[in-house]
Amino acid sequence: MKKIFSLLISVLLLATAAYGQDARGRVPETIVNDVLVAMPAPDASRFAADMKDLAASAPTTVELLCKRVANDGTKIARYQYALSGVVAYVSGASGSNHRARVAEGLRQGIATAKDPTFRHFLLQQLRLIASQEDIATFQAYAEDPEAAGTAISALVDLPGTEAVLMELVNEGKAPKAQLAAAVARKGLKEAEPALLAWGPVAAAEDKPAICHALGRIGSEASASWLMTESPADYAVLLGNLPGDRALKAAQGLLKSDRADLRCAAVPVVVANAPAKAGLKTLADIMKNDVRPVRNAALQAATDAYGTQAVAPVLTKKYASWSDDAKTDVLNWLGTHGIRCDQVVIPAMAADGELGQTAVKVAGQVGGPLCGKALVACLGTNKAVPAMAALKSYREDLSQEVLAALAAPKNDAQRENLMYLASAKHMTAAAPTVIEQASKGSAAAIRALRGVVTESDADVVSTLLVHAEDAQVPALQEALLAALHTQRPDDQTAKVKNLLTSAPDRSRFYPVLARIGSDESVNTLRAFSAKEPAAKSALLTMKNPAILPDLLAAAREGDERSLERYIWMLSDSHNEPDFKRLGLAEAIKLAKSPAIRAVAVDKLGNIPQMKAFLLAGKSLDDRNADVRMAAASAVKRIASKTTEEINYDDLKANLEKASKLFRTRGWADDGYAVDEINKMLLEAKPSPRSVLTEEEKAQGFEMLFDGTDLSKWHGDMEGYTVVNGTISVSANYGATGNLYTNKEYRNFIYRFEFCFMEEGVNNGVGIRTPENVDAAYHGMCELQILDHDAPMYADLRPYQVHGSIYGIVPAKRIKHKPLGEWSTEEIIVEGDHITVKVNGEVITDADVRKVTEGHNVAPDGAKVNPYTIDGHNHPGMFNYKGHISFCGHGAGLKIRNVRILDLGYKK
Amino acid sequence: MAESRRSFLKKAGVGIAAVTILPRHVFGAMGGNKKYVAPSDQLTRGIIGVGGIGMSPLHFASDDKCRLVAVCDVDQNHLDRAVEAGKKSFDTTLAAYHDWRDLVHDPNVDIVHIATPSHWHGIQAVEAARAGKDIFCEKPMTRTIGEGQKVVEAVARYGRIFRLDTWFRFKDTFYGLGTTVEPLKKLVDSGLLGWPLTVRISGATGFAWKFFWTGKEDLQPQPVPKELDYDMWLGPAPFKPYHPHRVHQTFRGYWDYESGGLGDMGQHYIDPVQYILGKDDTFPVQVEVDAPQQHPDAVGTWRSITYTYEDGCKIILEGEGYESKGKVPYIEGPKGKVYQGFETTIPNVWDVINALPDPAPRQTDFLECVKNRQHFALDEIIGHHSATVVNMGACALRLNRTLHFDPATQRFVGDEAANLLINQPMRAPWASMI
């Protein structure tokens with residue numbers, strides 16, 4: 001196999017050598033290699049450049065690509081890119097001069113291809129750039145089970161292939177349906193006898209194609225068979241028959257009992273009859289036939305003779321037709337925008353569909369008379385369609401509306417006119433509407449909002465104060481509308497002013513709430529302590545300033561407020577940490593699964609590792625909607641976050657999510673599964689730290705091997721396990737300290753650390769109790785500090801990395817660059833502390849000796865002359881305590897933490 | 001015997017059927033608590049494709065106005081599940097078909113609901129029209145421009161009613177706009193934004209192109225599961241060895257069946273824009289793409305696709321990760337802009353909009369349209385127009401070059417390869433339907 005292959009290559013190389021090199025001195029082999037590694041091209045210019053190279057050395061390059069696909073097994077995408085790319089390139093204007101040579105290469109490739117699917121691919125490509133030279137190739141594959149469709153289509157698309165196609169038809173070996181389709185598209189009339197011969201004996205699945213084709217290319221000879229076999233195609237055939245015959249047959253078909261066939265016959269009749277007869281047929285159909293056919297006839301006649309010729313026939317005979325037919329005429333007028341007041345306006349009085357349609361059409365065609373008639377309709381049983389027509393009326397009808405409003409025919413018309421005036425913001429109607437509103441008209445009160453202006457605010461306010469309960473919401477809307485052009489603060493001031501004199505000020509609370517200004521929040525909050533109405537109004541506001549109020553209500557069990565809280569919090573501009581903690585509480589508070597699902601879903605908008613872990617907890621929720629919300633949330637976070645997520649958590653949560661999507665199986669869930677699989681592929685498992693053989697022998701214990709913090713406690717929010725490290729994040733709302741579970745006196749403590757951000761500040765607390773400042777109440781704090789950061793230019797010597805804070809300065813080292821790991825070893829024996837970084841001793845001191853035994857000032861004073869920082873360090877001589885990390889912000893990573901406990905002897 | 005509504009709709013009998021519909025009170029005693037609806041007033045529907053959208057509660061529904069009577073799927077599991085659900089939800093045994101042609105020719109079905117992958121839409125819609133059925137078709141309407149032309153022709157020829165199922169030009173909140181399209185339509189029609197207009201459909205304006213809906217290269221053949229008739233699933237599409245990623249929930253990532261996020265979301269996003277810009281009767285004249293080279297089988301991603309209309313209006317699609325930075329308008333004209341959430345440069349915009357005439361009322365009750373034989377407001381013609389915008393983009397992506405289009409002939413100008421993508425080869429026997 002190998003031998004044959006190399007032989008093949010050498011033959012090809014010989015051929016290419018003969019062909020020559022390109023402008024850059026490359027042989028085709030090299031060009032192909034260069035292009036393949038660059039596939040797919042990232043943009044149009046690179047695409048054009050690569051494809052030009054390939055095309056210029058075609059056909060050799062194309063043949064090489066085709067040959068090598070066969071040897072490259074399963075990874076063929078880059079060949080597909082290269083081949084379809086070079087075809088696309090030469091099919092366009094800029095590459096057209098290479099087109100023939102690329103086609104030649106494809107023909108060679110097709111001839112030698114072994115895999116039928118790949119050969120079909122090449123034929124598809126060849127089709128896009130085919131010329132007369134390719135006819136034989138396509139003909140050769142016209143019977144191929146996979147490629148016949150492409151081959152025959154290609155022949156159809158090429159000019160001058162009629163003879164070849166006829167040859168195939170006469171042979172009858174290629175798929176018959178495919179050949180019939182080709183006959184139809186190519187209009188091969190001479191194929192009719194063959195198709196007619198196939199027809200009666202053809203397989204059921206081929207028959208539709210044969211009928212379809214005969215309908216398009218057939219003659220009289222096909223008519224009788226088609227009529228019974230496929231009336232739908234027979235109707236098409238009629239259009240191709242000679243005029244007289246077509247007309248006669250189509251008129252016959254008009255008597256069919258199938259409306260869809262009569263529809264199909266109508267255009268044939270119209271096209272072949274003289275105008276006068278055609279219009280007569282139209283009139284007959286309008287008089288006698290059903291709606292689909294009437295509409296088909298209207299359409300056909302309009303296409304054939306134009307609206308000018310059709311309109312007189314319709315208006316003349318209109319009166320004698322059924323209401324249904326009249327309706328069709330009206331719709332026709334509306335569709336073509338033909339104004340015909342004498343037909344439309346009387347019809348508006350009719351009952352049923354006709355009258356309704358007339359009203360609609362009046363709106364479509366417009367004009368002053370129709371407008372006036374529509375306004376009049378507002379007092380009739382056609383008010384609803386009339387209102388729709390008037391609301392979309394293009395011409396200005398305010399004069400007509402105001403005139404009618406001054407003298408309405410009945411209450412219904414008045415109410416509808418007020419509604420229209422309101423919808424169209426006709427402020428000139430305000431006095432009338434206000435007058436009606438004062439009389440208690442509910443319609444007028446509803447209409448106020450569209451017509452009132454600033455000057456009406458006091459009147460509306462008075463109405464609001466005295467209104468019946470049912471009218472209150474509409475009047476509140478009206479008051480808002482009257483004020484809405486003012487600045488929000490002015491609106492609030494005005495409403496505060498109005499409510500002071502009101503007997504029941506609660507009616508103004510919803511108005512304040514809707515104004516939404518901060519001042520409205522404050523006002524309502526002030527009232528809400530004593531008045532439930534004010535509190536309810538406050539909780540409906542859209543101002544994010546009410547988030548605390550919503551949360552307080554939610555904590556008291558108000559689910560509606562909880563849901564609003566979740567949405568508003570999520571949409572607010574708060575910090576992600578704040579949002580996450582809020583949502584975490586919301587998940588706990590939610591009693592209904594629907595609300596819990598919303599909260600979990602919103603977590604998905606916070607691209608944080610912690611949000612990921614939190615959402616992950618809901619993947620096992622007992623409610624299916626919550627589980628799906630969690631699946632969506634973890635997927636979205638994982639795809640968006642720039643933070644590192646611990647591999648084990650990532651894997652566990654995404655696998656659960658993937659399973660949930662797969663199980664649900666909605667239309668696009670497969671893509672969610674894809675997306676998750678891709679993320680899982682790209683993620684890497686966390687490394688795990690192990691003790692060295694020597695450490696094992698000495699008795700070291702692993703305190704953190706990269707998997708979990710089971711030997712630690714404290715601020716588990718601020719210290720999280722991420723991919724084999726302890727990652728310290730901003731300790732929002734937490735202590736910032738992480739403690740060993742055990743307490744130690746003498747020990748050797750080893751770990752690795754790395755700074756992810758400039759200026760990281762942390763420390764190792766020694767022999768410290770919990771929740772105190774280890775630097776003073778523990779034995780000491782050994783500094784972890786990126787002291788190279790410019791922000792620490794003024795650092796005191798006892799603050800640099802490795803110092804016993806406030807007591808002993810360390811030797812100042814130069815830290816490694818951000819992101820690189822350093823080792824640290826701390827040895828504590830009795831009062832003696834040694835610190836080594838990257839093997840170098842930087843601190844080596846006995847704290848009792850250094851302070852001459854004075855951990856605190858001898859006189860109990862606040863200033864201790866024995867320590868460098870002058871502070872008392874009461875914990876310095878603690879007998880034992882925890883070892884801790886003392887966090888002061890984000891950006892530190894720690895790994896491989898281990899300890900040798902030396903016991904209590906010294 | 002009462003003649004049923006469906007034969008009234010379909011057969012001829014010049015108005016005879018109308019008088020044979022029995023008055024409602026004849027049945028009055030039968031109903032119990034349930035309101036009785038005479039079968040003659042009911043329409044019936046059959047769904048082709050009950051794997052994804054066809055099983056959504058929105059569509060897998062049956063009520064007095066329109067009964068679900070038949071389902072069809074080439075995956076036996078889907079079909080069994082649907083029949084089971086039919087029993088449970090509607091207490092009905094649905095006619096279950098494996099071959100969609102049997103559903104289309106079932107005399108009990110008035111409306112054919114096409115919920116298959118889009119490489120089937122054109123063929124199934126044309127055949128449904130030939131069979132005298134009305135059609136409810138999921139988006140995208142067709143996967144090639146040529147198939148769309150054939151659907152338009154067939155629906156018109158046989159006088160059928162067609163509805164394309166995307167709804168953002170009507171009632172629903174339109175993604176980033178935060179409102180329905182109606183106020184924007186009013187604003188555009190008023191001329192207050194000026195002309196021509198540029199629309200930006202982008203993450204920066206509140207729209208997502210779902211780029212993870214891409215295909216995979218180098219798929220290795222897998223055995224076809226026994227419940228799936230893969231040959232029938234492929235239908236007109238070229239044969240490719242089976243792989244589960246090609247079908248069901250992930251088929252959109254392959255050019256043979258659809259065109260990724262562009263195909264899936266494109267018509268949802270672009271159809272309303274054609275309405276807003278008043279382009280329902282025309283097409284862009286140019287489409288320009290900025291994209292990495294596309295694989296011939298697996299759909300990839302793109303940076304931008306820009307459509308230009310003859311009058312200078314533009315629609316710019318921005319791919320995920322390539323959105324304009326900062327605050328960019330959703331729609332922009334020489335005189336004004338509207339941003340995500342309907343923020344706008346027009347002062348007191350809602351007062352202005354409220355005072356403008358509403359857009360012309362539209363016929364949006366499909367069942368009423370079927371009964372009254374009126375065009376649905378998003379019919380095959382309008383649907384073909386917005387589907388063509390999507391499909392033009394797909395052609396330009398596949399050839400990776402700017403294409404010019406002639407709205408009158410619906411052909412590309414000066415690019416024969418692009419024109420060969422208008423009608424794409426189909427496998428026998430399906431080629432015939434189109």
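## Strand pairing in chain A

In this predicted model, G765(A) has S884(A) of β12(A) as its bridge partner. The two strands concerned are β7 (residues 761–768) and β12 (residues 882–886) of chain A, which are joined in the antiparallel sense by three bridges.

The two strands also belong to an open sheet of five strands in chain A, whose order is β2-β5-β12-β7-β8 and whose pairing is antiparallel. At the edges of this sheet stand β2 (712–714) and β8 (780–785) of chain A; each has a single partner strand, so one side of each lacks a neighbour in the sheet. On average, and ignoring direction, neighbouring strands of the sheet are turned by 25° against each other.

## The partners of β13(A)

Strand β13 (residues 892–903) of chain A runs antiparallel to strand β1 (residues 701–704) of chain A, and three bridges join them. Within this pairing, E701(A) has I899(A) in β13(A) as its bridge partner.

Strand β4 (residues 725–728) of chain A likewise pairs with β13(A) in the antiparallel sense, over three bridges. Strand β6 (residues 746–755) of chain A pairs with β13(A) over nine bridges, again in the antiparallel sense. Which residue of β13(A) stands opposite S727(A)? That residue is K893(A), and K893(A) also has C754(A) standing opposite.

## The surroundings of A347(A)

A347(A) is part of helix α22, which covers residues 341–347 of chain A. Is A347(A) buried or exposed? The residue counts as buried because it has 23 C-beta neighbours inside 10 Å, and the cut-off for burial is 20 or more.

Leaving aside neighbours within four places in sequence, the contacts of A347(A) are K326(A), L330(A), L354(A), G355(A) and A358(A).

## Chain B and its helix packing

Chain B contains 13 helices and 14 strands. Of its 434 residues, 55% count as buried. Among the contacts in chain B with a separation of 6 or more, 68% are between residues 24 or more positions apart.

One pair of helices in chain B is described here in detail. Helix α9 (residues 260–276) and helix α12 (residues 380–399) of chain B pack at an angle of about 130°, and their axes are 8 Å apart. The crossing of α9(B) with α12(B) is right-handed.

On the side of α9(B), the contact is made by L262(B), G263(B), G266(B), Q267(B), I270(B), D271(B) and Q274(B). These meet H385(B), S386(B), A387(B), V389(B), V390(B), G393(B) and A394(B) in α12(B). By residue class, the contact of α9(B) with α12(B) comprises six nonpolar, seven polar and one charged.

## The interface between chains A and B

How many residues of chain A are in contact with chain B? There are 73 residues on chain A, in contact with 53 residues of chain B. On the side of chain B that touches chain A, α10 (349–355) and α13 (416–420) of chain B each supply at least two residues. The most is given by α10(B), with three residues.

The residues on this side of chain B divide into 25 nonpolar, 14 polar and 14 charged.

Notes: Residues numbered from 1 in each chain as written. Chains lettered and ligands numbered in written order. Predicted model: local features only at pLDDT ≥ 70, side-chain atom pairs only at ≥ 80, totals over all residues. Contact = placed C-beta atoms within 7 Å. Helix = DSSP H or I, 4+ residues; strand = E, 2+ residues; numbered from the N terminus. Nonpolar A, V, L, I, M, F, W, Y, C, P; charged D, E, K, R; others polar. Axes fitted to C-alpha atoms, helices over the stretch in contact; angles between N-to-C directions. Left-handed = near helix turned anticlockwise from the far one by under 90°. Buried ≥ 20, exposed ≤ 12 C-beta atoms within 10 Å, placed from the backbone. Pairing = 2+ DSSP bridges.
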